[in-house]
Amino acid sequence: MIVLEKRPQPSRAWSMSTPLVAVLATMFFGGLLFAALGKNPVEAIETIFWEPLFGEFAFYYRPQLLVKGAPLVLIAIGLSLGFRAGIWNIGAEGQYIMGAICGAGAGLAFYPVEGWFIFPIMVIAGALGGWAWAMIPALLKVRFGTNEILVSLMLVYVAEQLLASVSLGLLKNPEGFGFPGSRNLQSYASAHNAELFEGTGMHWGVVGALIAVIFAYVLLNRHMLGFHIRLTGEAPRAAKFAGVNPARLILFCLGLSGALAGLAGLFEVSGPSGVVSIDFNVGYGFTAIIVAFLGRLHPVGILLAGGLMALTYIGGEIAQSQLGLPAAAIQVFQGMLLFFLLALDLLTNYRIRAARKEVA
Amino acid sequence: MTTPLLSLQGLTKAYPGVVANDNVSFDIGEGEVHALLGENGAGKSTLVKMIYGLVKPDSGTMLLRGQPYAPPEPRAARADGIAMVFQHFSLFDALNVAENIALGMENPPPMGDLASRIREVSETYGLPLDPYRTVGDLSAGERQRVEIIRCLLQDPKLLIMDEPTSVLTPQEVEILFETLQKLRAEGTSILYISHKLEEIRTLCDHATILRLGKNVGECTPRETSARDMAELMVGTALQTPQRAGRDFGEVALDISGLSVPSPTEFGTALKNVHLTVRKGEVLGIGGVAGNGQDELLGVLSGEIQTAADAVKMAGQPVGRLGPTARRRLGLLTAPEERLGHAAAPDMSLTENALLTGSVREGLESNGFLKWNDTRSFAERIIKAFDVRTPGPENAARSLSGGNLQKFVIGREVLQNPEVLVVNQPTWGVDAAAAAAIRQAILDLASKGAAVVCISQDLDELMEISDSFAALNEGRLSAPRPTTGLTVEEIGLMMGGAHGMEVAHV
């Protein structure tokens, strides 16, 4: 019989290597899945992992990695702080939408005035939009003890309805020939989150994501607030004993993750997307949850995981178009990654041991 | 010579890194009360788990009435007439007594029959118990009766009791002993595990002493002094804590008219608690576990907030202050539950040193942490309190209970508190370390700190405290000077026998 035995100390070696082992296991079982679909598994894996980075059209795909990775990292960093403290914001998708609506709305309010001050105002409005949306579950939890998982998740659907409403009404392009969707911010210079260096995919959102990584790292490792966040997640009673105010921590964690998700939405709507439209959101807010865990809730890990996730997205699209793999197979593949990561995570704190049958 | 009921021969059990039992042999006779003595970690629990079929020995054999006996699981042990009352009760608070007992049976009879059998057994042995009462409402002594009756319903030949008196008042202990003596008179053997020597001298016919997993001696307790048994247990001569005669200063901590509901459902509300502690004074608070100890500690640590002037430090109201503000004023606390409350299990000792030390040790500036200073603070605790660990980077959960306790107490003591509140400071700690902790508490008091020591170990309280009060169902008795208090008086302060009656022998 096989038993799990708790390690006296969390294993550092396993903690570092589980993401790698999980990726390898995903490649292997994903390969089996693709083989079962009648595709050449080696070719499929190569298309997903190799093609975007070093393939023939890598010059096009590499900037896409930054464009896809930045919002994932930005959102996941915010979520990870809450997850560390046991505060589960599942509604980043909604906060992302609200950030985009508020940020784009603030910019379009100035149209057609040009000025250096417009983009910073949009950034602030975007962050505030996401923050305010996240404060709803936060305040309800602090005041009435509601479950933040349910409330934040349900608010995603409310945000989607709002998005549809403003796309068809408030923010609709008056010169858009009746089509839904706002003016294109890409053609409004003061509000355009343009590439900082031509052809690199590097826009302000990427800068924001990197700053968020550094900020989160310093917060968690060098600051009392970060220590309290970790303490609350590991031993809530000890945190209370240490003097942590749980309500303030909930407001901080949900507020910050909302603000970062809002920023991600703003950078997306003012840059790569350009338009507030009904189908603006593509699930970054949910994928960021996977990214946060894949990165083991560690800022540097999240940076790497965001890159990896962006890679599977882009590689997955290439595989869809070149090999005719169904989109669902790519989603299963991404799901496998999270599954293996969480399963292998167990080995950090437990070891597997073959044992005689013994009742204990 | 008659065949013993149970004969253990060369039992050995090793766990990774430690030999829990090393070639242990002894016999338990029919109708004998046999004591198993030893410090925490001496291997008593492992030994009885082998007898009860929870753990399989690596080598060695057991004979039950001359027949080979090797229970693969507790069910087999119970079928052979061996029953056990655990130190920690496994009862469901929300169910009633009969339901709890039925849960532990293979084929529970209909509830009505079971209830009448419970009444019958409980009356025979002087352990009155209403089968339909909810367990959540019972005192610790009554809960123990549920466990004992659960065993007696099986009509056992050998009853194993693991530290049964640790949760009882002196009067309840007396009643338990009468019950056990009645059982012995009927021919039931009892294996009695304890480290309370006086108890063993009153009750037991024979004693086996374990130290570091080995059988280091047997004796007849009635003919051996408690001190001799203690030295066999510990292996060295014991050091009794010394205290100098002290003068008390002004009032350092003052609680008046404090009533708070418990934050947990089956907790105990504090009702109109008054107490004062002067500088240099050690106030001992006794009482059976679950009578408001955790709540009292929470009120003092700042985890439970009260009306501002219900709790005062040197005349200043602190009832509304949180834990950090109170630490700044010098009110430090050490809760009973080490893992998860006093310390975060998966965090390093350095991080755990930061947990309460940040304010007084200046381990942060503008919110930024000084890890180097924190590490050296952790190292100071480890050194001063002889915490056995390779270093401060190790996780708290990797320490043994006693070592972690030394760390937790040391962390507060080294911060030079004005008022120190400790709950169960030496619980689960070996005798030498317990003596060191008590000495540290006394030293702190002689330097002028006020100390509140909440404990269930009456001997400990008598040893270190200047005055004594007891918690009973959330009420605190009026404190009295320790000198001259008799065991009977203490027992009455603790709430007497909680309505128990003596066995009708």
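Which residues of helix 6 of chain B are buried? Let me set the ground rules, then answer. This is a predicted model, where local features need pLDDT of at least 70, side-chain atom pairs count only at pLDDT 80 or more, and totals for chains, interfaces and linings use all residues. Residues are numbered from 1 along each chain as its sequence is written, while chains are lettered from A and ligands numbered from 1 in the order in which they are written.

Now the answer. The buried residues are Gln171(B), Glu172(B), Val173(B), Ile175(B), Leu176(B), Thr179(B), Leu180(B) and Leu183(B). Buried means 20 or more other C-beta atoms within 10 Å of the residue's own, with C-beta atoms placed from the backbone; 12 or fewer is exposed, and in between is partly exposed. An α-helix has 3.6 residues a turn, so residues three or four places apart point the same way.

What do they pack against? The partners, in chain B, are strand 3 (33-37), helix 5 (140-152), strand 7 (158-162), strand 8 (189-194), helix 7 (197-203) and helix 16 (487-493). Helices (H or I, at least four residues) and strands (E, at least two) are DSSP runs, numbered from the N terminus.

Check the length. Helix 6 of chain B covers residues 170-185, and its 16 residues should span 22 Å at 1.5 Å a residue. That expectation is 1.5 Å times one less than the number of residues. The end C-alpha atoms are 23 Å apart, which agrees. Gly187(B) follows the helix, with a positive phi near 100°.

On to strand 8 of chain B, where Leu191(B) lies. Leu191(B) is buried, because 26 other C-beta atoms sit within 10 Å. Leu191(B) touches Ile28(B), His34(B), Leu36(B), Val48(B), Leu158(B) and Ile160(B), leaving out residues up to four places away in sequence. Contact means C-beta atoms, placed from the backbone, within 7 Å.

Next, the interface. In chain B, 29 residues are in contact with 21 residues of chain A. Helix 10 (323-329), helix 11 (349-357) and strand 18 (368-369) of chain B each give two or more residues to that side. Helix 11 of chain B gives the most, with 3 residues.

Last, chain A. Its secondary structure comes to 14 helices and 2 strands. Of its 360 residues, 49% count as buried. The C-alpha atoms fill a box of roughly 75 × 55 × 35 Å along the principal axes. Among contacts in chain A with a separation of 6 or more, 79% join residues 24 or more positions apart.

Terms used
Contact = placed C-beta atoms within 7 Å.
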